[in-house]
Amino acid sequence: MRTLEPTTLDLDAIEVDKLTKGITLSLLIPARGPEAARTLGTIIALNRQRWMQERAVLDEIGVVVDPSADGDEHDLVRIATEAGASWVVRGESVLHRHAGRESVAAGGKAGAMRSLAFLAFGSRLIFHDADLESYDPDTVGVLAAAATAGNAPLFVNGSSRRVTGDGQPGGRTTEMLRSLLSKQLARYVPSITRTIQPLIGEFVIDADVFAALAFSRGYGVETSLKVLALDLLDYSDCLQVELPIKYQVGQPYHNLVKQFHEISFTIDVLEAYFQRRRADPHVAIWQIADNYDLLFPGRTYALHRPPGYDEVDFVPRLGFYQPLATSPAYQARLPEIKNARRVALDALARRMRTSA
């Protein structure tokens with residue numbers, strides 16, 4: 001995957017590039033838990049001011065709120081609404097429309113991201129974490145510039161130095177994951193070894209590409225989504241770009257253990273899928289995921305941890321969502337989405353003529 005130096009980007013040219021290439025941009029934020037309650041409002045307000053009011057870069061800011069484990073959403077709907085999000089919904093209110101009857105917890109962040117893409121109208125989707133401290137809105141500006149400049153790549157992955165709340169280097173799970181990706185998937189998707197941060201939450205993906213991809217439920221969502229995007233797209237359609245330093249609330253170790261445990265199952269499914277595809281090019285990855293116990297007998301087990309962690313055994317979420325494009329509800333939304341894009345581009349053209 002190509003690496004782009006942010007200094008080569010012209011952030012002042014984003015509107016012209018958008019209009020010339022007919023690109024609309026949606027900033028999409030999955031939010032949950034008390035960490036997001038401290039930071040979400042600032043992230044939305046700064047991006048709205050910089051990239052919607054002062055500049056016509058973002059066409060919408062969407063937020064999907066999912067309750068945390070204790071069922072308390074920490075007032076995130078109010079926080080996001082008052083900060084100026086274009087729309088805010090609770091995950092359970094929309095998930096069933098495109099994913100059938102399932103609990104929000106079954107999909108986790110993956111279900112929230114699918115709901116965000118279902119509701120958004122942008123032709124490029126900028127996904128963004130909700131729990132960043134000391135936030136720099138140039139994070140979105142750099143991603144938007146990279147996604148609209150040049151040949152307007154279909155996938156832009158962010159990378160950044162990451163610092164936790166106590167000043168220590170972050171990205172512990174990412175560094176462990178890079179080893180697994182290299183060991184199990186490099187011969188199938190070589191560019192994954194050159195991906196600096198495969199788990200970063202700040203990235204851009206074409207809406208049609210997102211809708212065409214299956215991806216894992218639970219913590220495996222970024223891993224599966226990015227690996228399959230890199231597998232699907234040409235080299236020229238993918239790049240990564242350095243973002244401002246990422247200050248993020250560090251997760252406690254018991255959450256990191258769960259996270260890595262679940263991601264390891266996702267990588268197993270990806271490896272089995274690439275192996276099977278050599279013999280059967282029509283095999284679907286969600287079929288592989290549904291038959292995990294048959295492919296890897298005895299490998300599925302609850303996570304038992306030593307004293308000091310929480311006492312509830314963690315059972316990994318193994319299923320894959322089928323592509324959003326297969327959802328009849330999403331197909332029914334496409335005329336509305338296309339019309340919203342036309343309206344947004346017309347508004348951008350008028351705004352640029354007025355300011356000229």
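1. In this predicted model, two cavities of 30 Å³ or more are present. The largest cavity has a volume of about 80 Å³, and about 30 Å³ of space lies in the second largest cavity.

2. The lining of the largest cavity is formed by 13 residues. Those nearest its centre are L132, T139, P244, I245 and K246. At least two lining residues come from each of the strands β6 (132–133) and β12 (246–248). Sorted by class, this lining comprises six nonpolar, three polar and four charged residues.

3. Around the second largest cavity stand A117, A120, F121, G122, L125, A207, Y330, I337 and R341. Helix α14 (residues 328–355) gives the most to this lining, contributing three residues. The classes here are seven nonpolar, one polar and one charged.

4. A further point concerns helix α2 (residues 33–53) and helix α3 (residues 76–83), which pack at an angle of about 15° with their axes 8 Å apart. Because angles under 35 degrees count as roughly parallel, α2 is described as roughly parallel to α3. The crossing of α2 past α3 is right-handed.

5. Which residues make the contact between these helices? From α2 they are G33, A36, A37, L40, G41, I44, A45 and R48, and from α3 they are L76, I79, A80 and A83. By class, the residues of this contact are nine nonpolar, two polar and one charged.

Key: Residues numbered from 1 in each chain as written. Predicted model: local features only at pLDDT ≥ 70, side-chain atom pairs only at ≥ 80, totals over all residues. Heavy atoms only, no water. 1 Å grid on protein atoms, 1.4 Å probe; cavity = no way out; pocket = protein on both sides within 12 Å on 5 of 7 lines; lining within 4 Å. Points joined across faces, edges and corners; volume = space filled by probe spheres on them. Helix = DSSP H or I, 4+ residues; strand = E, 2+ residues; numbered from the N terminus. Nonpolar A, V, L, I, M, F, W, Y, C, P; charged D, E, K, R; others polar. Axes fitted to C-alpha atoms, helices over the stretch in contact; angles between N-to-C directions. Parallel < 35°, antiparallel > 145°, perpendicular 65-115°, else oblique. Left-handed = near helix turned anticlockwise from the far one by under 90°. Contact = heavy atoms within 4.5 Å.
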